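I opened the model to look up a few residues, the sheets and the helix packing. My entries follow in the order in which I made them.

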Amino acid sequence: MPDKEMTKAIGNETMLQVLDLHKSFPAALTAAPAKAPESKDSASRSSLFARQKKAPAVSEILHGISFEVKQGDVLAVLGPSGSGKTTMLRCLNFLERAEKGSVTLRGQELSLKRASKAQIAEYRMHTGFVFQNYNLFSNKTALQNVTEGLIIARKIPKEEAERKGLEVLQKVGLSDKRDFYPSQLSGGQQQRVAIARAIASDPDIIFFDEPTSALDPELIGEVLSVIRQLAKEGMTMIIVTHEIHFAREVASHVLFMEDGQALFNGPAADFFETSDNARVQSFLRSLNAES
Ligand SMILES: Nc1ncnc2c1ncn2[C@@H]1O[C@H](COP(=O)(O)OP(=O)(O)O)[C@@H](O)[C@H]1O
Ligand SMILES: [Mg+2]
């Protein structure tokens, strides 16, 4: 590749673009049903009843989220619990279907509502997902967990998949645990296997949903340092996290969500240092008070 092309590829290429993502759940299932005011007054009770009957069958959780991630960006998604961060990531991996919006990965646009199974399978070949609870197969070893997707979805020959599997297990510091089952590994080790699995297919982008929130405090560091290393190597990532110090250290950009809206979307330095948004400030204050 000529030098100029190379800089372009590494420099400013838009990796992922999300436009106008809307997502609702059936109202009966959402956590915050319309609260009935306590009232003994029968007139207001019957009007309340009328209101409940007319209440919409769905309640919107994400109200039109848009953002862009460039190659090499580390986007930290921050915001209070219940603001829709997990739902957003699940929509972006088609674990949930949005009602509206699109995701464009390396110029390939997909409707978040209507993408076909084949389109989704192709998209998943280029994306990695790391869940809060690791989601490993309990009946497979660390190495098998990593190679499974390579062999089954990608049809890579077993030997080659194992070579790659060992390479990524080494990268997360677990080559000596290749034949261990998840139940024989600590939470931190299981999460590192999950990260090895996500990077084994050389994805364009990895989505992390609170990768350390299920871990005992003493195991958080080993997982964060693997993610930190990936960030240094230029892996493009979206990380939902409560680890604010970590976000501050590794994030190049921040998306701050509240009540299903993106209240801030921009460079991390602006978020942490100069944002004059009152909600951002009170969020940061609440975290400072915690730590
Ligand atoms: N499967 C679901 N069915 C109904 N409501 C849901 C579902 N998943 C999430 N919600 C609701 O959507 C809102 C956002 O949740 P979530 O995306 O988990 O927030 P966060 O990850 O920011 O804590 C919450 O009110 C939650 O109760
Ligand atoms: Mg969540």
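I started with M88, which is buried, with 28 other C-beta atoms within 10 Å. I count a residue as buried if 20 or more other C-beta atoms lie within 10 Å of its own, as exposed if 12 or fewer do, and as partly exposed in between, with C-beta atoms placed from the backbone. M88 sits in helix α3. Helices (H or I, at least four residues) and strands (E, at least two) are DSSP runs, numbered from the N terminus. Leaving aside neighbours within four places in sequence, I found M88 in contact with L21, L62 and I65. Contact here means that the C-beta atoms of two residues, placed from the backbone, lie within 7 Å. I also looked up A98, ten residues along the chain from M88, and the two C-alpha atoms are separated by 9.0 Å.

A note on the source: this is a predicted model, in which local features need pLDDT of at least 70 and side-chain atom pairs count only at pLDDT 80 or more, while totals for chains, interfaces and linings use all residues. Residues are numbered from 1 along each chain as its sequence is written, and chains are lettered from A and ligands numbered from 1 in the order in which they are written.

Next, the chain totals. The protein chain holds eleven helices and ten strands. Of its 291 residues, 35% count as buried. Among contacts between residues at least 6 apart in sequence, 70% join residues at least 24 apart.

Helix α3 lies across β1 (14-26), β2 and β4, and runs at about 115° to β1. For such angles, axes are lines fitted to C-alpha atoms, for helices over the stretch in contact, and the angles run from 0 to 180 degrees between N-to-C directions.

What is the order of the strands in the open sheet of four? I read β2-β1-β4-β5, with antiparallel pairing. Two strands pair if DSSP finds at least two bridges between them. The edge strands are β2 (58-70) and β5 (108-111), each of which pairs on one side only. Neighbouring strands of this sheet are turned by 20° against each other on average, direction ignored. Strand β4 (residues 100-105) runs antiparallel to β5 and is joined to it by four bridges. V103 stands opposite L110 in β5.

The other sheet I looked up is open and has six strands, in the order β6-β7-β8-β3-β9-β10, with mixed pairing. Its edge strands are β6 and β10 (261-267), each pairing on one side only. Neighbouring strands are turned by 15° on average, direction ignored. Strand β9 (residues 253-258) pairs with β10 in the antiparallel sense over six bridges. L255 has N265 in β10 as its bridge partner. Helix α7 packs on this sheet, touching β6 and β7 (205-209), and its direction makes about 170° with that of β6.

I moved on to helix pairs. The axes of α7 and helix α8 (residues 217-232) come within 8 Å and cross at roughly 20°. The contact between the two includes G187 and I195 of α7 and L219 and V226 of α8.

Helix α6 (residues 158-171) and α7 pack at an angle of about 130°, with their axes 9 Å apart.

Which residues touch the most other members of the largest nonpolar core? Among its 70 residues, they are A76, V77, A196 and M237. Helix α7 (residues 187-200) gives the most to this core, with seven residues. A nonpolar core is a set of buried Ala, Val, Leu, Ile, Met, Phe, Trp, Tyr and Cys residues joined through C-beta atoms within 7 Å. Beyond its neighbours within four places in sequence, V77 is in contact with K85, I238, I239, V240, L255 and M257.

My last entry is K140, in the loop between β6 (127-130) and α5 (142-152). K140 is partly exposed, with 15 other C-beta atoms within 10 Å. Its C-alpha atom is separated by 6.0 Å from that of Y181, 41 residues apart along the chain.
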